[in-house]
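Hi,

Here is the structure I promised to pass on. Have a look at it first, and my notes follow below.

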Amino acid sequence: MAASTEQATGGVEKTAAEEKPRVLEPGAAPFGNFPHYSRFHPPEQRLRLLPPELLRRLFPQSSETRPILGLDVGCNSGDLSVALYKHFLSLHDGETCSDASRELHLLCCDIDPVLVERAEKECPFPDGLTFITLDFMNQRTRKVLLSSFLSQFGRSVFDIGFCMSVTMWIHLNHGDQGLWEFLAHLSSLCRYLLVEPQPWKCYRAAARRLRKLGLHDFDHFRSLAIRGDMASQIVHILTQDHGMELVCCFGNTNWDRSLLLFRTKQATETQPIPESLIEEGKERNRIRFWRQ
């Protein structure tokens, strides 16, 4: 039986199970750990921009020999992680595939243990998605947990990383140097990287929400030198400082965030982008490719 707690008013006792679930105001989630995030940024807005066959075309041989390994940083309660998994494997609602994890396996991490617990409980593909609590900026913990996962597959890096609306929270909480280091870590861990940067107007909105709730401002907000067109700033850091190249922009979501695909130059040398994917993007007029 759950332990009981005495309430501050009236001396009424309630079991832990009867207490109200944690509810955070948007401004009171300083790391972006909003409950029910997908209600105001639904996964479908990203999925409509991403070709379902993208991973199969980027890694045409992997499904025959070993699974594609993905890293989803800042997965929240897993709604987008599950949606991406279903999208790239062309699974419909309610459909499961016993062989899916042989083709694609995602390691999904978030700083909030409550959100991670919810993701684990509600995940329909426990063999294909692994959820862990991780502060990605904690170097020691990051190295231990990610290396442990990769070693299960005899690998040292992930095939692709997903960083969906996470860069702003790293930037606000860890400053310019923290953002630079975060992108450095990701680029060293992933052959390909799909990034959805928040625009600068989101920074201002996040700081404003915090002030309205009477909370302290973000430590670094007023001192950030990296600002303005954040998509271009992210492109510059990853390409000029961290040895990646911009492969394509899949367009913008309804909330004006770009989906940018990068790859390491080592991947460029060993595995060219399929021409069919490039031509299809041109025909649809919704994918723009940059080629060095």
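Which residues in α8 meet which residues in α10? On the α8 side they are T167, H171, L179, W180, L183 and S187, and on the α10 side M230, I234, I237, L238 and D241. "Meet" here is contact, meaning heavy atoms within 4.5 Å. By class, this contact has 7 nonpolar, 3 polar and 1 charged residues. (Ala, Val, Leu, Ile, Met, Phe, Trp, Tyr, Cys and Pro count as nonpolar, Asp, Glu, Lys and Arg as charged, and the others, Gly among them, as polar.)

A quick word on the source: this is a predicted model, where local features need pLDDT of at least 70 and side-chain atom pairs count only at pLDDT 80 or more, while totals for chains, interfaces and linings use all residues. Residues are numbered from 1 along each chain as its sequence is written, and side-chain values use heavy atoms, with hydrogens and water left out.

Now α8 itself. Helices are DSSP runs (H or I, at least four residues), numbered from the N terminus. α8 covers residues 167-189, and its end C-alpha atoms are only 16 Å apart, short of the 33 Å that a straight helix would reach. (That expected span is 1.5 Å times one less than the number of residues.) α8 also has a kink of about 135°, centred on H174; the bend is the angle between axes fitted to the seven residues ending there and the seven starting there.

α10 (residues 230-241) packs against α8 at an angle of about 35°, with the axes 9 Å apart. Axes are lines fitted to C-alpha atoms over the stretch in contact, and angles run from 0 to 180 degrees between N-to-C directions.

α8 also packs with α9 (residues 200-212), at about 60° and with axes 11 Å apart. That makes α8 oblique to α9 (under 35 degrees is roughly parallel, over 145 roughly antiparallel, 65 to 115 roughly perpendicular, the rest oblique). T167, M168, W169, H171 and L172 in α8 meet C202, Y203, A206 and R209 in α9.

Cheers

Notes:
Helices (H or I, at least four residues) and strands (E, at least two) are DSSP runs, numbered from the N terminus.
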